[in-house]
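Biologist: Could you walk me through how to read a few features here? I would like the general idea and then the case at hand.

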Amino acid sequence: MHISNVFRRLAAYGTGVALVASGVALAAPSRAAVPASAGLADSARSGVNWLLGELAANGHRFQQSFEGQKFDDIGLTIDALLAVASAGGNTDAEATAATNYVVANAASYVSFDADRYAGPLGKLMVFAQARGLATTNVGVLNLENEIRDRLQPSGRFSDKSDYGDYSNGVGQAFDMIALSKTTAKVPATAVSWLLAQQCPDGGFRIDYSEGVACTTAEDSDLDATSFALLALSVSSLTGPQDAKIADGIDYLFDNQDETGLIGNANSSGLAASALRT
C-alpha cells in the first residue's frame, strides 16, 4: 500500500477525537438548547476563531507529518469544521473555503483505487450533514449508498480493501449516526452488531479484529463507549437493547476521577457529549 494511503487510514481513525465530540452531537435529534454563560460563549468563539485562523494559514486544511513527509489530514480538517459548525460558525468564509477543500478531496479520503473505507465514509457524511451539503453528491460520491454498501450481513460496516479490514467501533458509530438522518434510518442489524461489542463491564470495544463480540472487560475503550452511546441514542432500540445503555453510562462514571476527568481531556470531551445526549 502506498505510504500516503497508510497515513490516510491511520489519520481517518485516530485524530481529533476531542473536536469530534461537538460535531457528533449535531447528528442527534433536536432538543432545547442549553443556555451558555457569556464566558463559555466567548471561549467557544475564541476557539473557533483559532481553528479558522489555522485553516486559513495552512491552505484551508490541516496537515500531519508521517515518516518525514507531510500529508493533508482531511479527517482532522473535518473535526475542526464540525467544531466550528457546532459553535455556529458555518457562515464564516474560511469555513466555506475549508469545506470546499474537503469536498474536492473527498474521494481520496474515503477510498484508494477500488477500496472503500467504512469509517471515513460515515465521518464524511456527518460532516456533510452538519454543513448542509447534499449527501448524494459529495466529491461525486453518494454517501448514503456508499455506506449502505459497506454493511455486512452481520451488521458490521466493513472496509472494502485488498489490504485488510480496519473498520472499528468509531467508524461503526459514525456510519450509524450518518444514516440516522436518512429516510431508511439505521439498520437493525447495525444496532445488534454494535451492542454485541459491549463488554462485561458495560464499556464498548474499539477493535473489531478478533471475534464478533466483546467477551472481556479488558477490551473496553472509553472513546468507543462514548461513540457507541451517541450512535445508540439516534437508533431505534427494543426495550432490552435500550436497557443496555445504562451499563454504558455506568462504565463512563466508573472511570471518572475525583476531579471529574474521564480518562483524559479527549475522552472527557467525548463522554460529556455522550452523557448530555
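Biologist: Which residue forms a salt bridge with Glu144, and how far apart are the closest N and O atoms?

Modeller: This is a predicted model, so let us read its computed geometry with that in mind. The partner of Glu144 is Arg148, with 2.9 Å between the closest N and O atoms. Both residues belong to helix H8, 4 residues apart, about one turn of the helix. The general idea is that an α-helix has 3.6 residues a turn, so residues three or four places apart point the same way. Arg148 is partly exposed at 24% relative accessible area, and Glu144 is partly exposed too, at 22%.

Biologist: How many salt bridges does the count come to?

Modeller: The count comes to 5 salt bridges. One of them joins the side chains of Asp79 and Lys123, at 2.9 Å from N to O. Asp79 sits in helix H4 (residues 74-86) and Lys123 in helix H7 (residues 118-131), so this pair ties together parts that are 44 residues apart in sequence. Asp79 is buried, with a relative accessible area of 0%, and Lys123 is buried at 3%.

Biologist: Which side chain meets that of Glu146 in a salt bridge?

Modeller: That of Arg116, at 3.0 Å from N to O. Here the pair links distant parts of the chain, with Glu146 in helix H8 (residues 143-149) and Arg116 in the loop between helix H6 (106-110) and H7, 30 residues apart. Glu146 is buried, with a relative accessible area of 16%.

Biologist: Now a helix as a whole. Which residues of H12 are buried?

Modeller: They are Gln241, Ile245, Gly248, Tyr251 and Leu252. These residues cover an arc of only 120° around the axis, which puts them on the same side of H12. They pack against helix H10 (188-196), strand E4 (220-221), helix H11 (222-233) and helix H13 (265-276). The face turned away from the buried side carries the exposed residues Gly239, Pro240 and Asp254. As a check on length, the 16 residues of H12 should span 22 Å at 1.5 Å a residue, and the end C-alpha atoms are 24 Å apart, which agrees.

Biologist: Where is Thr99 found, and is it buried or exposed?

Modeller: Thr99 is found in helix H5 (residues 93-104) and is buried, at 4% relative accessible area. A polar atom of the Thr99 side chain lies 2.8 Å from the backbone oxygen of Ala95.

Biologist: Over which residues does pLDDT stay under 50?

Modeller: Over residues 1-34. Where pLDDT is low, the predicted coordinates should not be read in detail. For the chain, the mean pLDDT is 88, and 86% of residues reach 70 or more.

How values were computed. Residues are numbered from 1 along each chain as its sequence is written. This is a predicted model: local features need pLDDT of at least 70, side-chain atom pairs count only at pLDDT 80 or more; totals for chains, interfaces and linings use all residues. Side-chain values use heavy atoms; hydrogens and water are left out. pLDDT is the predictor's confidence in each residue, from 0 to 100. Contact means heavy atoms within 4.5 Å. Helices (H or I, at least four residues) and strands (E, at least two) are DSSP runs, numbered from the N terminus. The expected span of a helix is 1.5 Å times one less than its number of residues. Buried means under 20% relative accessible area, exposed over 50%, partly exposed in between (1.4 Å probe, protein chains only). The arc is that of the directions from the helix axis to the C-beta atoms. A polar contact is a pair of N or O atoms within 3.5 Å; within protein, one must be able to donate a hydrogen and the other to accept it, and residues adjacent in sequence count only if both atoms are side-chain atoms. A salt bridge is a side-chain nitrogen of Lys or Arg within 4 Å of a carboxyl oxygen of Asp or Glu.
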